[in-house]
Amino acid sequence: HCIARATVVHTVRWQTGPEGVYHNGGNGHVYVANRASDTVSVIDGTTVVATVPVGVNPECVAYDTGHGYVFVTNQGSNSVSVIDATTVVATVSVQSHPRDVAYNPGNGYVYVANFGSNTVSVIAGTTVVANVSVGTSPEGVVYNSGNGHVYVANRASDTVSVIDGTTVVATVPVGVNPECVA
C-alpha cells in the first residue's frame with residue numbers, strides 16, 4: 001500500500017454545488033462550474049476574482065486554446081456559455097442535457113456530449129457546425145492528442161463512440177454504464 005502525505009495550503013470558498021473544474025492555461029485562472037447557483041467562479045491563486053452568471057445547472061468546463069475561451073455546459077438550459085476571461089461573450093444552444101465538453105486543438109472544435117439527445121454537438125468558435133449521433137446517453141467526452149480522435153462514453157449503451165472531425169469512425173463495446181473517459 002502506498003500512502004501519500006498532502007497538505008492543504010488554502011481553502012477557497014465559492015458558490016454552492018461546485019461540479020466541473022478547469023485550469024485556463026492562457027490566463028492562469030481556474031474556472032469552477034457551480035451547479036446549484038448557476039454561476040462560474042473564477043479563481044486566481046487562492047482568491048475568487050469573479051463570479052460569472054451562466055445558464056441553468058452548469059456542469060463541465062473546457063478551455064479553447066485557439067480562441068482563449070472557456071466553454072461551460074449548462075445542463076438545465078440546453079446551452080453552452082462561452083466565457084472570455086470573466087465575461088460571457090456568447091451562449092450557444094445545443095441539444096438536450098449537455099454534460100461533458102472537450103476541445104480539439106487539431107481542428108479547433110469543441111465537442112459537447114448531449115445526454116438527453118444521444119448526440120455530440122460540435123462547435124466552431126461560437127457556432128454549432130454539426131450534431132453527431134452517438135450511443136445512448138453520452139456523458140463523458142475527451143480528445144486524444146495521440147491520434148486526433150474524440151472519445152465519447154455512452155452510458156446507457158455500454159459503448160464508446162470514436163469521432164474524427166464530425167464523423168463517428170468506430171463504436172467500441174465496453175463495460176456497463178461508462179460515464180467518464182480519460
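## Asparagines with positive phi

Asparagine 177 is partly exposed, at a relative accessible area of 42%; buried means under 20%, exposed over 50% and partly exposed in between, using a 1.4 Å probe and protein chains only. Its phi is near 55 degrees, a positive value in a residue other than glycine. Asparagine 177 sits in the segment after β16 (167-173). Strands are DSSP runs of E with at least two residues, numbered from the N terminus.

This is a predicted model, in which local features need pLDDT of at least 70 and side-chain atom pairs count only at pLDDT 80 or more, while totals for chains, interfaces and linings use all residues. Residues are numbered from 1 along each chain as its sequence is written, and side-chain values use heavy atoms, with hydrogens and water left out.

Asparagine 118 also has a positive phi, of about 60 degrees. It lies in the loop between β10 (109-114) and β11 (119-124) and is partly exposed at 29% relative accessibility. Most residues other than glycine have a negative phi.

## Salt bridges

A salt bridge requires a side-chain nitrogen of Lys or Arg within 4 Å of a carboxyl oxygen of Asp or Glu. By this rule there are 5 salt bridges. Arg35, Glu59, Arg99, Glu139, Arg155 and Glu179 are linked in a network of them.

Glutamate 59 pairs with arginine 35 at 2.7 Å, N to O. Glutamate 59 is in strand β5 (residues 58-64), and arginine 35, 24 residues apart from it, is in the loop between β2 (30-34) and β3 (39-44). Glutamate 59 is buried at 9% relative accessibility, whereas arginine 35 is partly exposed at 25%.

Conventions: Helices (H or I, at least four residues) and strands (E, at least two) are DSSP runs, numbered from the N terminus.
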